[in-house]
Amino acid sequence: MIGGPEETILAVHVRGLDGMCAGCRAWWARLTPYPCWQVEWATSRQARAVTARFLEGAR
Ligand SMILES: [Zn+2]
């Protein structure tokens, strides 16, 4: 299944060995503590999508 941008973000923004976000460092050479705001955003987007799917199935 092809997901939205949030799946790409979650695939790239992973916790590095030092606890910093590896995706932020690779993409922007920026040191951000994991989880960064992009992971938070993607996670909340996914949670909403799952909830919507669940509600549709329950109808
Ligand atoms: Zn990140």
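Setting aside neighbours within four places in sequence, Pro33 is in contact with Gly19 and Met20. Pro33 sits in the loop between α2 and α3, and this is a predicted model.

- Is Pro33 buried or exposed? Pro33 is exposed, because 11 other C-beta atoms lie within 10 Å, and a residue with 12 or fewer counts as exposed.
- Pro33 and Arg15 are separated by 18 residues in sequence, and their C-alpha atoms are 8.4 Å apart in space.
- Tyr34 and Pro35 are joined by a cis peptide bond, with omega at about 0 degrees. Pro35 also belongs to the loop between α2 and α3.
- Ala29 is another residue in the loop between α2 and α3. Its phi is near 50 degrees, a positive value in a residue other than glycine.
- For background on these two features, most residues other than glycine have a negative phi, and most peptide bonds are trans.
- Ala29 is exposed, since it has 7 other C-beta atoms within 10 Å.

**Cys36, a buried loop residue**

- Cys36 is placed in the loop between α2 and α3. Why does Cys36 count as buried? It has 21 other C-beta atoms within 10 Å, and the cut-off for buried is 20 or more.
- Which residues does Cys36 touch, leaving aside its neighbours within four places in sequence? They are His13, Cys21 and Cys24.
- Looking towards Ala58, Cys36 is 22 residues away in sequence and 33 Å away in space, C-alpha to C-alpha.

**The nonpolar core**

- The largest nonpolar core has six residues in all: Ile9, Cys21, Cys24, Cys36, Val39 and Ala42.
- Val39, a member of this core, is in contact with Ile9, Leu10, His13 and Tyr34 when its neighbours within four places in sequence are left out.

**How α1 packs against α3**

- Two packed helices are described by the angle between their axes and the distance between the axes.
- Here, α1 (residues 5-12) and α3 (residues 37-58) pack at an angle of about 135 degrees, and their axes are 9 Å apart. That angle makes α1 oblique to α3.
- The crossing in which α1 passes α3 is left-handed.
- Which residues of α1 and α3 meet? From α1 come Glu6, Ile9 and Leu10, and from α3 come Gln38, Val39, Ala42, Arg45 and Gln46.
- Sorted by class, this contact of α1 with α3 has four nonpolar, two polar and two charged residues.
- Ile9, Val39 and Ala42 are among the residues of this contact, and they also belong to the largest nonpolar core.

- Glu40 is part of helix α3. It counts as exposed because it has 11 C-beta neighbours inside 10 Å.
- How far apart are the C-alpha atoms of Glu40 and Glu6? The separation is 9.8 Å, for residues 34 apart along the chain.
- Ala26 is a residue of helix α2. With 13 C-beta neighbours inside 10 Å, Ala26 counts as partly exposed.
- Between the C-alpha atoms of Ala26 and Val12 there are 8.7 Å, and the two residues are 14 apart along the chain.

How values were computed. Residues numbered from 1 in each chain as written. Predicted model: local features only at pLDDT ≥ 70, side-chain atom pairs only at ≥ 80, totals over all residues. Axes fitted to C-alpha atoms, helices over the stretch in contact; angles between N-to-C directions. Helix = DSSP H or I, 4+ residues; strand = E, 2+ residues; numbered from the N terminus. Parallel < 35°, antiparallel > 145°, perpendicular 65-115°, else oblique. Left-handed = near helix turned anticlockwise from the far one by under 90°. Contact = placed C-beta atoms within 7 Å. Nonpolar A, V, L, I, M, F, W, Y, C, P; charged D, E, K, R; others polar. Core = buried A, V, L, I, M, F, W, Y, C linked by C-beta atoms within 7 Å.
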